[in-house]
Structures are given as C-alpha cells and as structure tokens.
Amino acid sequence: MQKSLEKEKHKKEMMAVQDSMDVLSGKWKISIISSICYYNKRRFSDILNDVVGISNKMLSKELKELETNQLINRTVLDTQPISVQYELTEHGKTLQTIINNLTDWGIAHRKKIIGK
C-alpha cells in the first residue's frame, strides 16, 4: 500500500516538473524572464539587446506565450513612438529564486568546466 502511494506521489511530482518545463522550455524564455527579473521593467528593445541572438519575431512570440501563462504583464506606454514595457506578474515573480539559482549554478559550472 505504501509503495503505491509513493509511486503516485512521484508521478505527480514528475508531472509538475513536465508542466514547469512546458511553460519555460525553449531557447529563449528563461533568458527573457531573467532580463525582466534583473531590471524589474524592460522595454521590448531592451530585452532584444539583452538576449543575444533572438529575432524580433521570436521575442514577440515568446513574450506573448509568457503573457498567456500569466508570468509577465505588457504595458503600452504613451510615448512617441509608442513603446511597450514588460514586467513580471506576482506569479512571475515566484520564478526569481529559480532564476537566481540557475545563475549561481551557471557561474559555478562555467568555473568548474573552463575555469572562468
């Protein structure tokens, strides 16, 4: 009986990991979130400059997906020309610890592998 409860719990945990990966997967999403996380509010062009190699079209698509998943808010600013600003939602801010942990791990990993 205990074994089946443990198996069921493990299945739920694995499903939770998969759900997380579905929302955050891809080449760009974590970098985009990281940019917004670091500065609190970012304009489209700022994120484009932060995330090396991403195209306008791909950034736009990824931002829409992050907005759909309620991780970021999009605000159109009344400027000339019009600019758009992004910030993390309260739900999105819950990712800050994960982003910080990934940053720390990445720094340590780079140091271990290439010594820099």
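Contact here means heavy atoms within 4.5 Å. The structure is a predicted model, in which local features need pLDDT of at least 70 and side-chain atom pairs count only at pLDDT 80 or more, while totals for chains, interfaces and linings use all residues. Residues are numbered from 1 along each chain as its sequence is written, and side-chain values use heavy atoms, with hydrogens and water left out.

Leaving aside residues up to four places away in sequence, Ile-32 touches Ile-47, Val-51, Ile-54, Leu-59, Glu-62, Leu-63 and Leu-66. Ile-32 is also among the residues with the most contacts inside the largest nonpolar core, which has 19 residues. Such a core is a set of buried Ala, Val, Leu, Ile, Met, Phe, Trp, Tyr and Cys residues joined through side-chain atoms within 4.5 Å, buried being under 20% relative accessible area (1.4 Å probe, protein chains only). At least two residues of this core come from each of α2 (29-39), α4 (56-68) and β3 (83-88); α2 gives the most, with four. Helices (H or I, at least four residues) and strands (E, at least two) are DSSP runs, numbered from the N terminus.

The axes of α2 and α4, lines fitted to C-alpha atoms over the stretch in contact, with angles from 0 to 180 degrees between N-to-C directions, come within 10 Å and cross at roughly 75°. The two helices are therefore roughly perpendicular (65 to 115 degrees). On the α2 side, the contact is made by Lys-29, Ile-32, Ile-33 and Ile-36.

Three strands form an open sheet in the order β1-β3-β2, with antiparallel pairing; strands pair if DSSP finds at least two bridges between them. Its edge strands are β1 (41-43) and β2 (72-77). Three bridges join β1 to β3, and Lys-41 stands opposite Glu-87 in β3.

Note on methods: Buried means under 20% relative accessible area, exposed over 50%, partly exposed in between (1.4 Å probe, protein chains only). Angles under 35 degrees count as roughly parallel, over 145 as roughly antiparallel, 65 to 115 as roughly perpendicular and the rest as oblique.
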